[in-house]
Amino acid sequence: MSVNLIVLYWNYIIVIMLMMAGLYIIISNQNFIKKLVGLSIFQSSVFIFYISLGKVSGGTAPILTGIEDTVYSNPLPHVLILTAIVVGVATNALGLALVVRIQEAFKSIEEHKLLALKKEDGLKDIQIEVSKEDSAV
Amino acid sequence: MIELWVNVFLVSLLVIITFYIMRLRRLIGIVALSGAYSLTAAAIFVNMDAVDVAFTEAAVGSGISTILFLAALRYLPVEEAHETRYPVWSLFLCGIVGLMLIIAAFALPEFGDPNAPAHLHVAPRYIEESYPLFHIPNVVTNVLASYRGFDTLGETVVVFTAGLGVIILLTGSTLSMRFKQTATSSDNQTAKSDEETRDA
């Protein structure tokens with residue numbers, strides 16, 4: 001019985017573990033690419049959670065066959081996650097563009113190095129430049 | 001029953017992949033593993049009857065996303081510095097939150113329970129009424145395009161906005177970039193005029 005219980009709740013436990021692993025990567029790793037990968041792990045753990053909730057045991061994919069008494073899985077979570085996957089890739093692309101620009105401007109994509117740069121007032125130059133041009137315009 | 005055990009095996013595989021993503025330092029390896037993660041997730045979706053989600057994840061999550069990462073890696077350093085910040089505190093935080101979520105998860109309906117509240121509200125209506133109304137056998141496509149068309153339109157707007165953002169960031173026509181360019185070009189001009197005066 002207890003083995004059965006673990007198997008039936010295994011998906012939820014794993015989803016939570018993956019979510020926390022993603023969160024840990026986002027908080028503690030300093031590399032922006034690794035942070036983005038952590039973010040996508042976090043995202044897809046939520047996807048797996050939704051699809052797990054939509055599963056009906058003994059069911060088939062929700063494509064109507066016309067055969068009587070067929071059990072179908074819940075189509076609604078599938079629709080929601082279909083939208084979420086595409087949006088997730090769009091946000092990933094935007095994040096990657098930002099990372100490439102950061103590398104171009106500061107020659108580093110490690111968060112602690114960028115913070116150190118900020119402490120040394122390395123970022124001040126650009127702000128002054130902008131404000132000077134602003135006043136000129 | 002075999003479906004259930006395949007599912008247990010596949011989701012456990014995801015944990016192993018995530019563990020190696022956390023340990024690895026070479027960025028290209030991390031990106032390759034995240035592609036493998038997406039492909040395994042697609043297999044899980046097929047096993048859980050979500051075929052539409054599975055092929056979207058395989059094409060978009062495992063394909064396009066990995067290509068985007070590889071394209072970005074061309075401009076980035078090969079390895080990460082592997083400096084972790086507050087590892088103990090973040091582990092503590094994630095542990096506490098994970099523990100609370102796992103305790104809460106046991107209040108959820110069992111995996112595959114046909115009497116779960118999620119299956120009793122609108123899902124039967126979609127399955128029974130959508131074909132006579134719209135004559136599309138695939139219920140997921142039907143709900144996506146017919147019932148939730150505005151949702152899909154919103155998604156398209158989000159993707160369009162993200163694309164615009166990427167183009168603006170990469171072609172460098174942001175405000176500060178333009179100021180920087182004008183500043184450097186004027187510097188070059190002054191340098192050139194200096195040279196000319198020196199030649200004269």
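1. The largest nonpolar core has 66 residues, and Ile33(A) and Phe45(B) have the most contacts inside it. A nonpolar core is here a set of buried Ala, Val, Leu, Ile, Met, Phe, Trp, Tyr and Cys residues joined through C-beta atoms within 7 Å. A residue is buried if 20 or more other C-beta atoms lie within 10 Å of its own, exposed if 12 or fewer, and partly exposed in between, with C-beta atoms placed from the backbone. Not counting residues up to four places away in sequence, Ile33(A) touches Val99(A) and Ile109(A) as well as Leu27(B), Ile30(B) and Leu76(B); contact requires C-beta atoms, placed from the backbone, within 7 Å.

2. This is a predicted model, in which local features need pLDDT of at least 70 and side-chain atom pairs count only at pLDDT 80 or more, while totals for chains, interfaces and linings use all residues. Residues are numbered from 1 along each chain as its sequence is written, and chains are lettered from A and ligands numbered from 1 in the order in which they are written.

3. Confidence in chain A should be considered next. The pLDDT (the predictor's confidence in each residue, from 0 to 100) has a mean of 84 in chain A, where 87% of the residues reach 70 or more. Within chain A, H2(A) has the highest mean, 93, and H5(A) the lowest, 52. Helices (H or I, at least four residues) and strands (E, at least two) are DSSP runs, numbered from the N terminus. Where pLDDT is low, the predicted coordinates should not be read in detail.

4. The contact between the chains takes 75 residues from chain A and 85 residues from chain B. On the side of chain A that touches chain B, two or more residues each come from helix H1 (2–28), helix H2 (32–54), helix H3 (75–106) and helix H5 (124–136). H3(A) gives the largest share of that side, 23 residues. By class, the side of chain A that touches chain B has 49 nonpolar, 20 polar and six charged residues. Ala, Val, Leu, Ile, Met, Phe, Trp, Tyr, Cys and Pro count as nonpolar, Asp, Glu, Lys and Arg as charged, and the others, Gly among them, as polar.

5. H2(A) packs against helix H2 (residues 27–47) of chain B at an angle of about 5°, with the axes 11 Å apart. Axes are lines fitted to C-alpha atoms, for helices over the stretch in contact, and angles run from 0 to 180 degrees between N-to-C directions. H2(A) and H2(B) are therefore roughly parallel, a term for angles under 35 degrees. The residues in this contact include Ile33(A), Val37(A) and Phe47(A) of H2(A) and Leu27(B), Ile30(B) and Phe45(B) of H2(B). The contact divides into 12 nonpolar, four polar and one charged residue.

6. Chain B has eight helices and zero strands. Of its 200 residues, 23% are buried. Among contacts in chain B with a separation of 6 or more, 46% join residues 24 or more positions apart.

7. Lys107(A), with phi of about 60°, is in the loop between H3 and helix H4 (111–119) of chain A, and counts as exposed with 10 C-beta neighbours inside 10 Å. Asp49(B), with phi near 70°, is in the loop between H2 and helix H3 (51–73) of chain B, and counts as buried with 24 C-beta neighbours inside 10 Å.

8. Leu144(B), in helix H6 (residues 139–147) of chain B, counts as buried with 21 C-beta neighbours inside 10 Å. Leaving aside neighbours within four places in sequence, Leu144(B) contacts Val79(A), Leu82(A) and Thr152(B).

How values were computed:
Two residues are in contact if their C-beta atoms, placed from the backbone, lie within 7 Å. Angles under 35 degrees count as roughly parallel, over 145 as roughly antiparallel, 65 to 115 as roughly perpendicular and the rest as oblique.
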